[in-house]
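User: Please take a close look at one part of this model, the packing of its aromatic side chains. I would like the ring geometry set beside the place of each residue in the fold.

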Amino acid sequence: MDGKRKRKLSVAIITFNEEKNIGDCIRSVESIADEIIVLDSLSTDRTKEIATSFSKVRFFEAPFPGHVEQKNKAISFCQNDWILSLDADERANDVLQKSITTFLEAEEVRCDGFKIARLTFHLGRWIRFSGWYPQRRFRLFKKENASWIGENPHDFIELKPGSIGKVMKGDILHYSFTDFSHQITTINQFSSIVAYTRYAKGERFSLLKTLFKPLGKFLEIYLFKFGFLDGIPGLWIALASSFSTFLKYAKLYELDTLKLERPSNIRKDYGKK
């Protein structure tokens, strides 16, 4: 490790059946990390084999209680004061790697967290509008001053009151979907999690929201967030987002009116501590 560095960095990653992604994710941060924490949700593929082949990786396994809970658990395993949190389908680009190196070597840092832009590759191109970019969120943060919060699976880092946040140059590259079918599968899964979570918190089915929220989402993405500038992929994203919104309320109907215990595509261990 470079002797000029004034602070050490942990990278935290959660995984489940990520054999196609985890190697590239780890390689993108291997040179800047002092340790890489991989918290796996009992994968059945080669995720563990690939992750543990890297010398800096400390590998842990635990059931999956939810995105927020699992990411906070991954943070708890980190031994260093500063943490970079990534998903397995994300990479740190060259500019971000250099920015983080500069930060690690700085004599003094008057900051508790850095927001980093995320750039997603989808349908053959980098998506720069549609509300997907720059979408800056805190991803590099001081362990004692931050935690994951939010509505599963839409989690985010929140800094403690009084903390100082800044923006860091560089992008997290997000390879979220292999194709449109993969996106639809993810939408189906995530909408089930949202409906299940909201129902547990007391939200109930609304016909008016089911009718009007999907249209509002389409207009938001395609017009107000300039999705049309992303070409045909932008139109597909807007339509898929609208469909995702519909699914959330349709599944609330199943839970509320039909008394379904849980959507069938939610893992049985979801919510278990």
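Analyst: A helix here is a DSSP run of H or I with at least four residues, and helices are numbered from the N terminus. The model is predicted. With that definition, F243 and F246 both belong to helix 7, which covers residues 231-256. The two are 3 residues apart, about one turn of that helix.

A search of the whole structure gives 12 aromatic pairs. One of them joins F103 and F114: the ring centres are 5.2 Å apart and the planes meet at 70°, so this pair is edge-to-face. F103 is in helix 4 (residues 94-105) and F114 is in strand 6 (residues 113-122), so the pair ties together parts that are 11 residues apart in sequence. Both partners fall under the 20% limit for buried residues: F103 has a relative accessible area of 5%, and F114 has 9%.

The rings of F243 and F246 have their centres 6.3 Å apart and their planes at 25°, so they count as stacked. F243 is partly exposed, at 37% relative accessibility, and F246 is also partly exposed, at 35%.

K71 lies over the face of W148, 4.4 Å from the ring centre. The charged end of R128 sits over the ring of Y133, at 5.6 Å from its centre.

W148 also touches S85, whose contacts, leaving aside neighbours within four places in sequence, are A12, R139, F141 and W148. S85 is in strand 4 (residues 82-87) and is buried, at 5% relative accessibility.

The UniProt record, an unreviewed entry, annotates residues 10-142 as "domain: Glycosyltransferase 2-like". Over residues 10-142 the chain is 27% helix and 34% strand, with its end C-alpha atoms 10 Å apart.

At 27% relative accessibility, F190 is partly exposed. Apart from neighbours within four places in sequence, F190 is in contact with H67 and P153. The C-alpha atoms of F190 and S99 are 32 Å apart, and the two residues are separated by 91 residues in sequence.

Terms used:
Residues numbered from 1 in each chain as written. Predicted model: local features only at pLDDT ≥ 70, side-chain atom pairs only at ≥ 80, totals over all residues. Heavy atoms only, no water. Buried < 20%, exposed > 50% of the residue type's maximum accessible area, 1.4 Å probe, protein only. Contact = heavy atoms within 4.5 Å. UniProt positions renumbered as here; feature names shortened; annotations may be inferred. Phe/Tyr/Trp six-rings, centres within 6.5 Å; stacked < 30°, edge-to-face > 60°. Lys NZ or Arg CZ within 6 Å of the ring centre and 35° of its normal.
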